[in-house]
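Please look at the sequence and the 3D view shown here, and then read on.

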Amino acid sequence: MQSIEIEPKLRELMGIASSIDPGLEYRLEEIWRWIKDMRPGLLMQKKFLMGFLLEVIKDAEFWLALKVLTDEERELFLNQLTPPVRFWYEFLFPKWFNEKDNKFYIWKQKLRSGEFNQEDAQLIDLIAQKIKIREGSLVQRYVADFSMATDAIVSSNKGRPLCVQVTSISDDFSDHKYEEWKKTLKDWNIERGIFVSYNPGKEEFVSQVVNLVLHNSSHLEESKYLKFSF
């Protein structure tokens, strides 16, 4: 999709959502008002903002398609999705557009001004590759990262969706960040998560993170928020 198509597509989806899901319509209108005065050329230059907009459009289209199915059809379709993807569409995505997002106004400004950058993007991609090799699955979303302190939603091949935050912050600051992360997950009613603080200078820490994530996907109990340091 080209940048010039973004605004018309948002308005189209708003119109569809108005009779299907007013909560989604409201969130899409909020996003549309935020970017409607930006020139397409300028919008195209902002990589992360474009990524977010394309992601929201894709998710909104998917959600609206799900909403028009019968209950039986919807359940059959959802059963074909990986656990993290199903968790996103069935729980976190609708929760995001139906509830107040206290962080939205902050990261909207950062995306629009170009301040945002994904410092751990390469690491998360490497972790994702190793998880898939080991028959696990995951989903990443800008909204989950920005608003829900979740770099990835991960599941082992026999596990359940687990929200994971990975940071290279030093131990001097990781305790504070962990407490903020835990509060954020509780605010969104996310019942399981792990926070991993790593030292990039250590060998094999990526494999350690993958082992940790897959194990806790299968074994971590409800209402548990664990912190690990490597």
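The model is a predicted one, and the description begins with strand S2, which spans residues 152-155. Ala152 and Val154 lie on one side of S2, Ile153 and Ser155 lie on the other, and all four are buried, so that both faces of the strand are covered. In a regular strand, side chains alternate between the two faces of the sheet.

## The partners of S2

Strand S1, which covers residues 137-139, pairs with S2 in the antiparallel sense over three bridges. Within this pairing, Leu138 has Val154 of S2 as its bridge partner.

Strand S3, residues 162-167, is also antiparallel to S2, and three bridges join them. Val154 takes part here too, with Leu162 of S3 as its bridge partner. S2 and S3 form a hairpin, and six residues lie between these strands.

## Helices H4 and H5

Two packed helices are described by the angle between their axes and the distance between the axes. For helix H4 (residues 47-67) and helix H5 (residues 71-78), the angle is about 135 degrees and the axes are 9 Å apart. The two helices are therefore oblique to each other.

On the H4 side, the contact is made by Phe62, Leu66 and Lys67, while H5 contributes Arg74, Phe77 and Leu78. Sorted by class, the contact of H4 with H5 has four nonpolar and two charged residues, with no polar ones.

Notes:
Residues numbered from 1 in each chain as written. Predicted model: local features only at pLDDT ≥ 70, side-chain atom pairs only at ≥ 80, totals over all residues. Heavy atoms only, no water. Axes fitted to C-alpha atoms, helices over the stretch in contact; angles between N-to-C directions. Parallel < 35°, antiparallel > 145°, perpendicular 65-115°, else oblique. Contact = heavy atoms within 4.5 Å. Nonpolar A, V, L, I, M, F, W, Y, C, P; charged D, E, K, R; others polar. Buried < 20%, exposed > 50% of the residue type's maximum accessible area, 1.4 Å probe, protein only. Pairing = 2+ DSSP bridges.
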